[in-house]
Amino acid sequence: MTPARIAGILPRDFLEDGVILLAPPFVFRIRSPLPFVWDAIASSYADFSILDDYAFVDFELTIAPVNGLRRWVSPLVNMSIDGVFPFDALPASQAYPLLEWGMNWCVTSTAHHFLMCHSAVLAWNDLAVILPAPPGSGKSTLCAALTMSGWRLLSDELALLDPESLMLSPFVRPVSLKNASIELIGQRFPAADFTLPVKDTIKGEVAHMRPTTESVLQSRTLAKPRWLIFPQYDKDVELELKPMQKAEAVVELAKNAFNFRGFGAKGFSTLGALVDSVDCYRLTYSSLDLALAKFKELGEEVCKTNV
Amino acid sequence: MMLNKAEINQPLLITVLRFPGTAASLDEASWGLLIRQARNANVIGRMLSAVEPYVACHKWPLRAREAFIAEKNIADHRFASLIWEVEELAQILASENTRPILLKGAAYALEKKPFARFRNFGDIDLLVPLNQLAAVERALVSNGWLTTKADSYDQYYYRRWMHELPPMQHIHRGTNLDVHHAILPLTARYKPDSDRLIASARPSTGMASVDVLAPEDMFLHGAAHLFCEGECENALRNLLDLHDLWIDLFEDKSSVVGLVNRAVDLDLTVVLALAGRYMEHVLDSKNAGCIAGVMRDKGVMPQLFTWHDWLFDAIFLGFHPSCQQKGQALARQVLYLRSHYLRMPFYLLVQHLLRKAWREVQPVNG
């Protein structure tokens, strides 16, 4: 039996029992009495599968209004993850971004069978580029643009690296865009589909872009790391791609790895082996078009040499 | 395996901890629930390592196998880091001619207890003699261990009434450290004598430069912590610690007599009786009934009450949403109040709680 898809199911069907959402390699049961949360899920997870009650569920998330007098003035929501409340309550309008952050938290706080890095991951013919970067570097913008330009999205937040095989596991999810990037991507790629922007979150204005159908269909296909590129948006530089020393790349990557310290020596040797197997660059850019062309060049070059 | 009715109504996690072989018949959905309950109770690694000898890993769902790999990946480095920190602490204290006595999780790990491999610990707990406390604190502070309580009332409260310094944290590494001079507060209902505990401590088998409590004292301290402090979230984890120590150290009857005698010496008969009762009730620990038997023979069995069962049965269910039952929230509140009631006399408790409540309502800069 092919699993049902989110698209085509009305939000009200979820209000009672929630839904078991497959976002490989993880399964989330999501519950919420808030219809607008389901509107956002139906839009950004349209191509994802929902599973029946016999499925192995990794995490149960419930997003619900906080009771009390405040609900009449400025209502709040909070999120329980299997009985734990990892975040403070937020204004109800932020319920959907809260859900996305909660899903990330589930993975980063438990999935230590992977070495996890804070980075976007995309693939060209199953060869992956890892884009590690702190917030504000333009990583998400670049990730959304590459996704809309034929690259396969693995994740906009999390590189899940198997320490044994050094292969990257996809964790396809909606791409989180902030502030000016929302309009930028919307204008550059009319086919991109967003959830309604939510204002005044801790990250500013936030909207989530639906991943391409192709990326969702391939969400169980592992990719082999090929490039490690540290992006930095700089309005004064059109485009600059500079090779990077491997030793420097290991140190920089370690700073972005969530559970590097927990892994100890194994973490160090894994990152070392990863960096050894890829080309390392620093990318400084302000022109999205030139950056996209450069990525295309990299992808095609490798495909040529592989033939 | 046939389960009786009471067992069927138990949370899945408890059933599997008691009868790990039952995991063989779980479907995918139940495995998911089992892992989520275990994660909530902080015992995933402990639970999976109990299942492994009965149900081979390759028969588990993929995600359960991965959860076990995740636990293994962080366990080794957690242990290595602990050894590193403890060596560092031993060196600092050696400059004051003090040998620290490691307590609880750190002690179990240092003693290479197999059950400690997957045990998380939020902090390192040390016991030092009261007359060396000031010197130890100075030495620690000058080596980067700073207090985490900035509030002057908190400082006063810990130093005047508690059995430990205000919690410390290493300025660079963030490791948390509790330095105790007793295992229960000075004002507590039960008064285990620290001098006796310290006199019986012995060099750790894992590290010659530090000590651990004698086996009986290690068990009794675990029980005192579990049944006197109001730490509900880890109640099941802490009961499992007792179960594992019990299986490791005391299963034969002659050793139980030693344990009971020691409980009498240390004024800890009530916590020992409770430990025996709930190891048997909740985890079906082999021969745990012996404790009550020996205590009765010796005429030192304290009276346990029905409300104890109401209170602790609810707490040991765990706090995953699928385990919650009517009255559990109330039991949790009562346990919190009880822990305070055991900690200090009533007039002090009223002062303390009023003080804390007043601070809550004051403006931050007030």
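**Questions about a predicted two-chain model**

Reader: Hello! Does A:D53 count as buried or exposed?

Author: Welcome! Please keep in mind that this is a predicted model. The relative accessibility of A:D53 is 57%. Exposed means over 50%, so A:D53 counts as exposed.

Reader: Which residue forms a salt bridge with A:D53?

Author: The closest N and O atoms of this salt bridge are 3.1 Å apart. A:D53 forms the salt bridge with A:R29.

Reader: How many residues apart in sequence are the parts that the pair A:D53 and A:R29 ties together?

Author: A:D53 forms a salt bridge with A:R29. A:D53 lies in the loop between β4 (49-51) and β5 (59-65) of chain A, and A:R29 lies in strand β3 of chain A. The pair therefore ties together parts whose separation in sequence is 24 residues.

Reader: How many salt bridges does the structure hold over all chains?

Author: One of them joins A:D53 and A:R29. Another joins B:R63 and B:E66. Over all chains, the number of salt bridges is 30.

Reader: With which residue of chain A does B:R39 form a salt bridge?

Author: The closest N and O atoms are 3.8 Å apart. The pair crosses between chains, from helix α3 (residues 28-40) of chain B to the loop between β6 (76-81) and β7 (90-91) of chain A.

Reader: What separates B:R63 and B:E66 in helix α5 of chain B?

Author: The side chains of B:R63 and B:E66 meet in a salt bridge, at 2.9 Å from N to O. Both residues are buried. Because they are three residues apart in helix α5 (residues 62-94) of chain B, the separation is about one helical turn.

Reader: Which residues are joined into one network by salt bridges that share partners?

Author: B:R63 and B:E66 meet in a salt bridge. Elsewhere, salt bridges with shared partners make one network out of A:R31, A:E60, A:D82, B:R36 and B:R39.

Reader: Which strands stand at the edges of the open sheet in chain A?

Author: Seven strands form this sheet in the order β1-β4-β2-β3-β5-β6-β7, with mixed pairing. Each edge strand has a single partner strand, so one side of each is left without a neighbour in the sheet. The edge strands of chain A are β1 (4-5) and β7.

Reader: Which residue is the bridge partner of A:I30 in β5(A)?

Author: β3(A) and β5(A) pair in the parallel sense, over four bridges. In β5(A), the bridge partner of A:I30 is A:L61.

Reader: What are the edge strands in the sheet of chain B?

Author: The open sheet of chain B has seven strands in the order β3-β4-β5-β2-β1-β7-β6, and the pairing is mixed. Each edge strand pairs on one side only. These strands of chain B are β3 (145-147) and β6 (202-203).

Reader: Which residue in β7(B) is the bridge partner of B:R202?

Author: Two bridges join β6(B) to β7 (residues 211-212) of chain B, and the two strands run antiparallel. In β7(B), the bridge partner of B:R202 is B:V212.

Reader: With which side chain does the side chain of B:E137 make a polar contact?

Author: B:E137 is found in helix α7 (residues 133-141) of chain B. Its relative accessible area is 19%; buried means under 20%, so B:E137 is buried. Beyond its neighbours within four places in sequence, B:E137 is in contact with B:R159, B:L165 and B:M168. The polar contact, at 2.8 Å, is with the side chain of B:R159.

Reader: What is the phi of A:N125, which is not a glycine?

Author: Most residues other than glycine have a negative phi. A:N125 lies in the loop between β8 (115-124) and β9 (127-132) of chain A, and is exposed, with a relative accessible area of 57%. Its phi is positive, at about 50°.

Reader: What is the omega of the peptide bond from A:P24 to A:P25?

Author: Most peptide bonds are trans. A:P25 lies in the loop between β2 (19-23) and β3 (26-31) of chain A. The bond from A:P24 to A:P25 is cis, with omega near 5°.

Key:
Residues are numbered from 1 along each chain as its sequence is written. Chains are lettered from A and ligands numbered from 1 in the order in which they are written. This is a predicted model: local features need pLDDT of at least 70, side-chain atom pairs count only at pLDDT 80 or more; totals for chains, interfaces and linings use all residues. Side-chain values use heavy atoms; hydrogens and water are left out. Buried means under 20% relative accessible area, exposed over 50%, partly exposed in between (1.4 Å probe, protein chains only). A polar contact is a pair of N or O atoms within 3.5 Å; within protein, one must be able to donate a hydrogen and the other to accept it, and residues adjacent in sequence count only if both atoms are side-chain atoms. Contact means heavy atoms within 4.5 Å. Two strands pair if DSSP finds at least two bridges between them. A salt bridge is a side-chain nitrogen of Lys or Arg within 4 Å of a carboxyl oxygen of Asp or Glu.
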